[in-house]
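Me: Can you walk me through this one? I'd like the overall picture and a few residues.

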Amino acid sequence: MAEVSQNSNVKLRVVADVMTAAVTGPEPMPPDLQNHLQTAVERWRSREHEPGAGG
């Protein structure tokens, strides 16, 4: 979430609120935050497979 916050220039608290609302309610996450989240997850996954990565 911190990476999404930094890359989208949205406060971490707001990112957390939006993500929680998207999971628990009927409103989807805004597309720009979805894109930033997808990028962050892809980076995290690619680091997971680097030699010596601890997870």
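**Serine 8 and the rest**

Reply: Setting aside residues up to four places away in sequence, serine 8 touches Leu33 and His36. This is a predicted model.

Me: Is serine 8 buried or exposed?
Reply: Serine 8 is buried, because its relative accessible area is 14% and the cut-off for buried is under 20%.

Me: And serine 5, where is that, and what does serine 5 touch?
Reply: Serine 5 also sits in helix H1, which covers residues 2-8. Not counting residues up to four places away in sequence, serine 5 touches Val10, Lys11, Leu12 and Val15. Serine 5 is buried, at a relative accessible area of 12%.

Me: Why does asparagine 9 count as exposed?
Reply: Asparagine 9 counts as exposed because its relative accessibility is 72%, and exposed means over 50%.

Me: Back up a bit. How many helices and strands does the chain have?
Reply: The chain has three helices and zero strands. From the N terminus on, the order of elements is α-α-α.

Me: What is the radius of gyration of the chain, against a compact globule of 55 residues?
Reply: The chain has 13 Å, while a compact globule of 55 residues would be near 10 Å. Along the principal axes, the C-alpha trace spans about 40 × 20 × 15 Å.

Me: How many of the residues are buried, as a percentage?
Reply: Of the 55 residues, 13% count as buried. The chain exposes about 4,200 Å², and carbon and sulfur atoms supply 54% of that.

Me: Which residues make up the largest nonpolar core?
Reply: Five residues: Val4, Val15, Met29, Leu33 and Ala40. Leaving aside neighbours within four places in sequence, alanine 40 is in contact with Glu3 and Val4.

Me: Now helix H3. Where does glutamate 42 stand there, and what is its accessibility?
Reply: Glutamate 42 is in helix H3, residues 31-48. Glutamate 42 is partly exposed, with a relative accessible area of 45%. The C-alpha atoms of glutamate 42 and alanine 2 are separated by 14 Å, and these residues are 40 apart along the chain.

Me: And proline 31, buried or exposed?
Reply: Proline 31, also in helix H3, counts as exposed because its relative accessibility is 59%.

Me: Last one, charges. How many positive and negative side chains are there?
Reply: The chain has 5 positive and 7 negative side chains. The centres of the two sets lie 6 Å apart.

Conventions
Residues are numbered from 1 along each chain as its sequence is written. This is a predicted model: local features need pLDDT of at least 70, side-chain atom pairs count only at pLDDT 80 or more; totals for chains, interfaces and linings use all residues. Side-chain values use heavy atoms; hydrogens and water are left out. A nonpolar core is a set of buried Ala, Val, Leu, Ile, Met, Phe, Trp, Tyr and Cys residues joined through side-chain atoms within 4.5 Å. Buried means under 20% relative accessible area, exposed over 50%, partly exposed in between (1.4 Å probe, protein chains only). Contact means heavy atoms within 4.5 Å. Helices (H or I, at least four residues) and strands (E, at least two) are DSSP runs, numbered from the N terminus. The radius of gyration is taken over C-alpha atoms; the globule rule is 2.2 Å times the number of residues to the power 0.38. Accessible areas come from the Shrake-Rupley method with a 1.4 Å probe; for residues, only the protein chains shown count as cover. Lys and Arg count as positive and Asp and Glu as negative; His and the chain ends are not counted. The place of a charge is taken as NZ of Lys, CZ of Arg, CG of Asp or CD of Glu.
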